[in-house]
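Trainee: I have a model open and want to learn how to read it. Where do we begin?
Mentor: With the structure itself.

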Amino acid sequence: SGFSSQRNFGAAQASNDWILGIDADEVVTSELARSLGRVLASGPDPRDGYAASRRNDFLGVALPNTARPGRKSIRLYNRRHGEWDPSLEVHEVVRVPGDVHMLDGSLLHWNDFSLSELIDLYHRYALEEAAQLDRDGAPARVMAVLYRPIMRFVWHYLVRGEARVGERGLVHSALQGCREFMRYALLWELRQHPDFARRPRRRRSRYGGS
């Protein structure tokens, strides 16, 4: 079972119908808390969902919101009408039958990870993301291994403004490009060399043996 199934199971155990979905390393800002209070006090349509922007930290500094402008990440929803999409096992999202509204304020994704911890995390995610791309039928062209990391770096560093964060912004943007490389290189391996991609991972000694 993936993350979506776990979230839906948790929502089913709640005593109220309105669910605020946040992770353990996410912090609700005071502005977002006030916005949530106003929405719930207004008697919202249970078919609608409410999205919040999210800012990540990197080495102790909050970065700009790097989500695409049209992508709304629903965090507040009514469990009688909405649910976490069960078809997605990673980067899960809420689906609702009604409209999606943006909340004021933002979530701070404050994981406080070092570079080595982030690299380990991104590798684990890349394995799951490549499997999800494979299930979705995404094309596995080898050129994507080259151009997609470049596009990801440009998106973070120039388009979304991580250049304003100085050296941290440069390193984080480059790290996101590496993350994109891992994702599509693993997808390419799944399609072109499935015997290697699907065999059990082996632990090797520093001398090269198993």
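Trainee: Is the crossing of α3 and α5 left-handed or right-handed?
Mentor: This is a predicted model, so keep that in mind throughout. The crossing of α3 and α5 is right-handed. By class, 17 nonpolar, three polar and five charged residues make up the contact between α3 and α5.

Trainee: At what angle do helix α3 and helix α5 pack?
Mentor: Helix α3 covers residues 115–135, and helix α5 covers residues 167–192. They pack at an angle of about 35 degrees. Their axes are 8 Å apart.

Trainee: Now another helix. Where is S35 placed?
Mentor: S35 sits in helix α2. With a relative accessible area of 5%, S35 is buried. Setting aside residues up to four places away in sequence, S35 touches L103 and D104.

Trainee: Let me step back to the whole chain. How many helices and strands are there?
Mentor: The chain has six helices and eight strands. Read their order along the sequence: α-β-β-α-β-β-β-β-β-β-α-α-α-α.

Trainee: What are the dimensions of the box that the C-alpha atoms fill?
Mentor: Roughly 60 × 40 × 30 Å, along the principal axes. Of the 210 residues in the chain, 34% are buried. The chain exposes about 12,700 Å², and carbon and sulfur atoms supply 53% of that area.

Trainee: What share of the contacts with a separation of 6 or more comes from residues 24 or more positions apart?
Mentor: Such residues account for 76% of those contacts in the chain.

Trainee: Last, confidence. Where is it lowest, and where is it highest?
Mentor: Start with the general idea. Where pLDDT is low, the predicted coordinates should not be read in detail. Here the chain has a mean pLDDT of 90, and 94% of its residues reach 70 or more. Confidence is lowest in helix α1 (residues 3–12), at a mean of 88. Confidence is highest in helix α2 (residues 30–41), at 97. S35 lies in that helix, α2.

Terms used: Residues are numbered from 1 along each chain as its sequence is written. This is a predicted model: local features need pLDDT of at least 70, side-chain atom pairs count only at pLDDT 80 or more; totals for chains, interfaces and linings use all residues. Side-chain values use heavy atoms; hydrogens and water are left out. Axes are lines fitted to C-alpha atoms, for helices over the stretch in contact, and angles run from 0 to 180 degrees between N-to-C directions. Helices (H or I, at least four residues) and strands (E, at least two) are DSSP runs, numbered from the N terminus. A crossing is left-handed if the near helix is turned anticlockwise from the far one by less than a right angle, and right-handed if clockwise. Ala, Val, Leu, Ile, Met, Phe, Trp, Tyr, Cys and Pro count as nonpolar, Asp, Glu, Lys and Arg as charged, and the others, Gly among them, as polar. Buried means under 20% relative accessible area, exposed over 50%, partly exposed in between (1.4 Å probe, protein chains only). Contact means heavy atoms within 4.5 Å. Accessible areas come from the Shrake-Rupley method with a 1.4 Å probe; for residues, only the protein chains shown count as cover. pLDDT is the predictor's confidence in each residue, from 0 to 100.
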